[in-house]
Structure formats: C-alpha cells, structure tokens
Amino acid sequence: MILTGKEIKKRLGTDIIIEPYHEKYLNPNSYNLCLHNELMVYEEIVLDMARPNRLGKYVIPEEGMVLHPGQLYLGRTTERTETHNLVPLLEGRSSIGRLGISVHATAGVGDIGFCGYWTLEITVAQPVRIYAGIPICQIIYHTVEGEIVEYNSDKYQNNKGIQPSLLFKELDPNENRQMRLSFGEEGSRE
Ligand SMILES: O=c1ccn([C@H]2C[C@H](O)[C@@H](COP(=O)(O)OP(=O)(O)OP(=O)(O)O)O2)c(=O)[nH]1
C-alpha cells in the first residue's frame with residue numbers, strides 16, 4: 001500500500017525523516033523533493049562501469065542552466081531523507097515530465113533504511129532551462145510485508161551529496177576479467 005499524505009505527515013520523525021520539510025510539498029500520496037544547485041557531468045567520452053569515471057562539477061546559477069539532450073546530468077535533492085519500515089520510491093512529477101525532463105534512469109526504487117540525499121540521473125528530451133530549488137521529483141512510501149533488513153551499503157548510504165556510480169566497488173577486478181574472457185573479449189575465448 002502507498003502512504004497517503006496525511007500518513008506521511010503522521011510518520012515524520014519516526015519512520016520518515018525529510019530535512020528540510022515544508023507542508024506545501026505534501027501531496028495526496030507523496031511528497032515533492034527539490035533540486036539542489038549542484039550538478040555533475042561525466043567527462044569521459046566512454047564510461048567504464050568497472051572504474052571511477054572523471055566528473056566535472058557545476059553550480060546552477062540564479063538565471064538557471066540550459067540542459068541538452070544526449071547528456072547525462074547527475075543532480076541531487078536538497079532534502080536529506082531517512083526511511084524506516086517502508087520502501088521509498090523516487091518518481092518524477094508530471095509537470096516536470098511534461099517538459100521532457102526525466103529524473104532517474106530506470107532506478108527509482110530506494111531501500112528500506114536508506115539515509116541520505118537522492119542522486120538524480122537527469123536527462124532531457126529537448127533543450128530546457130532548469131532552476132535550482134524547484135520541486136523536481138516526488139518521494140512515495142510503500143508499506144512492506146516480511147522481515148526487514150535495513151539498507152547498509154558501503155556505496156550510497158549516508159552520502160553527503162551527489163554520488164556517481166560506485167558499481168566498480170562491487171566488481172572484483174580478477175573476477176571481472178574472467179567474465180570478459182568467457183564472453184570472448186580481450187582477444188581470446190576460454
Ligand atoms: O535514482 C536513485 C535511486 C536510488 N537512490 C538511492 C536510494 C537507494 O536506497 C540507494 C541504492 O539504490 P539501489 O539499491 O538501486 O542501487 P544499487 O546500485 O543496487 O546499490 P547497492 O548495491 O548499494 O544497493 O540509492 C538514489 O539516490 N537515486
């Protein structure tokens with residue numbers, strides 16, 4: 001079941017922490033989260049999922065910043081959230097989607113126990129000017145069934161800001177090479 005706005009409000013300070021919280025962002029069954037003014041853009045032409053990739057940092061100025069199609073922008077929410085006993089889901093807002101702006105790349109599901117700022121994987125369908133501080137997405141809370149094991153990852157838990165992919169942390173370089181060899185890469189097939 002999805003929590004209503006009133007239930008979200010009732011659980012503030014216990015199962016749900018949203019900092020800062022503003023009543024005006026509470027919806028019938030979600031809460032709007034705002035865009036921070038920091039953005040990051042990968043500087044590599046080809047990203048390597050097995051290694052850290054270089055990033056450029058930008059600050060969205062007062063007059064806004066034009067985002068362009070074909071580019072991935074990593075942003076983050078202004079709000080730090082903590083969720084216990086519920087699954088937090090990150091979703092776009094219709095008004096933002098109607099401008100051709102997507103706020104996540106297929107991964108909108110958060111974990112029970114996730115604490116931190118949400119990293120946004122922003123792409124746009126056509127050039128569009130964005131501004132910091134706008135409510136860009138919404139958080140939805142799902143009740144759960146079954147025993148709970150809280151999220152406790154060394155990748156994204158308790159983050160302090162935008163986090164690029166840390167997938168490389170879970171890849172053992174030797175295991176990874178073996179996998180590539182078995183798929184016939186690196187010039188030989190095993
Ligand atoms: O667009 C998103 C989606 C999720 N998260 C946060 C909440 C979530 O709890 C955490 C980890 O997400 P997920 O479990 O999808 O990532 P993973 O790559 O599987 O990481 P891990 O191995 O740490 O679970 O990142 C974001 O900041 N942005």
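Asn85 is placed in the loop between strand 6 (73-83) and strand 7 (87-92), where helices (H or I, at least four residues) and strands (E, at least two) are DSSP runs numbered from the N terminus. This is a predicted model, in which local features need pLDDT of at least 70 and side-chain atom pairs count only at pLDDT 80 or more, while totals for chains, interfaces and linings use all residues. Residues are numbered from 1 along each chain as its sequence is written, and side-chain values use heavy atoms, with hydrogens and water left out.

Although Asn85 is not a glycine, it has a positive phi of about 65°. Asn158, in the loop between strand 11 (135-142) and helix 3 (173-182), also has a positive phi, near 55°. Most residues other than glycine have a negative phi, and most peptide bonds are trans. A cis peptide bond, with omega about -5°, joins Glu19 and Pro20, and Pro20 lies in the loop between strand 1 (16-19) and strand 2 (31-34).

Asn85 counts as partly exposed because its relative accessibility is 39%, given that buried means under 20% relative accessible area, exposed over 50%, and partly exposed in between (1.4 Å probe, protein chains only). Asn158, at 43%, is likewise partly exposed, as is Leu55 at 25%. Leu55 belongs to strand 4 (residues 55-59), and its C-alpha atom is separated by 5.5 Å from that of Val41, 14 residues apart along the chain.

Turning to the ligand, 13 residues surround it, and the closest are Ala107, Asp111, Tyr151, Ser153 and Lys155; a residue is near a molecule if one of its heavy atoms lies within 4 Å of it. By class, this shell has 6 nonpolar, 4 polar and 3 charged residues, where Ala, Val, Leu, Ile, Met, Phe, Trp, Tyr, Cys and Pro count as nonpolar, Asp, Glu, Lys and Arg as charged, and the others, Gly among them, as polar.

| Residue and its atom | Ligand atom | Distance |
|---|---|---|
| Asp111, polar side-chain atom | oxygen | 2.6 Å |
| Thr119, backbone N or O atom | nitrogen | 2.8 Å |
| Lys155, side-chain N or O atom | oxygen | 2.5 Å |

Taken alone the ligand exposes 580 Å², and the protein buries 75% of that, with accessible areas coming from the Shrake-Rupley method with a 1.4 Å probe.

Terms used. A polar contact is a pair of N or O atoms within 3.5 Å; within protein, one must be able to donate a hydrogen and the other to accept it, and residues adjacent in sequence count only if both atoms are side-chain atoms.
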